[in-house]
Amino acid sequence: MAENVKALRRRLRSIRNTKQITRAMEMVSAAKLRRAQAALMAGRPYAAKLKDLLSRLAASGSVAHPLLESRPVSKRLLVVFTADRGLAGAFNAQIIKRAEAYLRESTVPVELVCVGKKGYDYFKTKKVSIRHAVPDLGAKLSIARAQEIGGLLVEAFLAADCDEVVLLYNKFVSTLVYRSEFEVLLPLGSDIKASAEALPIRGSQEFLLEPSPSAVLVALLPRFVSNRIYITLAETFTAEHSARMIAMSGATRNCEELTEKLTLKMNKARQAAITKEIIEIVSGAEALKA
Amino acid sequence: MAQRFRLVVYTQEAEVLNRDVLSVTLPGAEGYFGVLAHHAPLVAALGKGKMVIHETDDSVNEYLVDGGFAEVSQNVLTVLADKLNTAADLES
């Protein structure tokens, strides 16, 4: 291709600059990942305890609440969690792809709630109904945000604007692995009842419920929903930083490989140019002698 | 010698307290109640008010809570607080 030494040198400079940027982004993402992961781990005990309380109430049998009611599904609400920024490898693309497949395969109409700019930017130009969007997450995990989103979903479900609320988000598995998952948020119930059955029978523990079983339930349920969203956001952020770190690490490595290859090419071109010049000079001299 | 039990306080963000105490007074939804060692199993909804902790060294610590839940089980009091502040936090 380019015998042109100047062109190759220019390309090499550009790649070297790119590498500096990707390496910086990799390190920044690694730091953010550590913090996000810590936040996720720190939030898990509360979530587990809340689920525990709800399961125990469910096990005691005295639970009836509209949020627990499953009814025939004639409309769905899909909450799509993406990042605000790109350069995160397959992170956003995977979510969008699975969301589209879900929309296509659903036998009932589906409305979207877009959390995160990337998902919103994609779907706002498509022929889908977006009920609500949170396009600016600001990369900060906030309880208020989780409550805002949770409240909206509960409202939609109770008003029968939808019969099922499903979350689609990337779950953090490890530093190198994240996985997209669908989770049914509303109606609450299936996973609660399952963990109710799994509860160890602690002697004959009859719990006092204050002020009353139904008051506790009424207080628990909305908190449970907003906490689920909080944890989902925590997972999403953690997975996002891990995805970006992986992507930038790969990009950096590609830059290194390209640098090697192009350096070789450049040196070969440089030597070829020198050889050509020598030949020209020598043959010129020979011609003069003759 | 008063008996001690474990108090664990969580907010959605993190664990805030995890230590043995002598007694805890909490603002229930319908009034204050106290928890001592070996309290009967309980799940209570919390309202807004002061959480008063008598520590094992006989000191007293107060926190402000605004909503949440308290569970007593197996001699452990677990508080899930919506908001938790020390009086100092609020004065600033």
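Predicted model: local features only at pLDDT ≥ 70, side-chain atom pairs only at ≥ 80, totals over all residues.
Strand E5 of chain A covers residues 177-186, and its partner E4, made of residues 164-174 of chain A, pairs with E5(A) in the antiparallel sense over nine bridges. As a general rule, the strands of a sheet pair through backbone hydrogen bonds, either parallel or antiparallel.

**The sheet in chain A**

- Five strands of chain A form an open sheet with mixed pairing, and their order is E3-E2-E1-E4-E5.
- Strands E3 (129-134) and E5 of chain A stand at the edges of this sheet, and because each has a single partner strand, one side of each is left without a neighbour in the sheet.
- On average, and with direction ignored, neighbouring strands of this sheet are turned by 25° against each other.

**Domains and distances in chain A**

- Chain A is divided into domain 1, which consists of 2-25 + 250-289, and domain 2, which consists of 32-246.
- The C-alpha centres of these domains of chain A, domain 1 and domain 2, lie 53 Å apart.
- Ser106(A) lies in the loop between helix H2 (91-105) and strand E2 (110-115) of chain A, and this residue counts as buried because its relative accessible area of 16% is under 20%.
- Between the C-alpha atoms of Ser106(A) and Ala273(A), which are 167 residues apart along the chain, the separation is 64 Å.

**A nonpolar surface patch**

- Val173(A), Leu176(A), Val177(A) and Ile246(A) form a nonpolar patch on the surface, and together they have about 320 Å² of accessible area.
- Val177(A), which lies in strand E5 of chain A, counts as partly exposed at 34% relative accessibility.

**Salt bridges**

- Over all chains, the structure holds 22 salt bridges.
- One of them joins Glu111(A) to Arg131(A), with the closest N and O atoms 3.4 Å apart, and it links strand E2 to strand E3 of chain A across 20 residues.
- Both partners are partly exposed, Glu111(A) with a relative accessible area of 22% and Arg131(A) at 30% relative accessibility.
- Another salt bridge joins Glu183(A) to Arg228(A), with the closest N and O atoms 3.3 Å apart, and it links strand E5 to helix H6 (residues 213-289) of chain A.
- Here Glu183(A) is buried, with a relative accessible area of 17%, and Arg228(A) is also buried, with 15%.
- In chain B, Glu62(B) forms a salt bridge with Lys50(B), the closest N and O atoms being 3.5 Å apart, and this pair links strand E5 to strand E4 of chain B.
- Salt bridges that share partners also join Lys49(A), Asp52(A), Arg56(A) and Glu71(B) into one network.

Definitions and conventions. Residues numbered from 1 in each chain as written. Chains lettered and ligands numbered in written order. Heavy atoms only, no water. Domains from an automatic or database assignment. Patch = residues over 30% accessible without salt bridge, like charges linked within 9 Å, V, L, I, M, F, W, Y side chains within 5 Å. Areas by Shrake-Rupley, 256 points an atom, 1.4 Å probe, with all protein chains shown as cover. Salt bridge = Lys/Arg side-chain N within 4 Å of Asp/Glu carboxyl O. Helix = DSSP H or I, 4+ residues; strand = E, 2+ residues; numbered from the N terminus. Buried < 20%, exposed > 50% of the residue type's maximum accessible area, 1.4 Å probe, protein only. Pairing = 2+ DSSP bridges. Axes fitted to C-alpha atoms, helices over the stretch in contact; angles between N-to-C directions.
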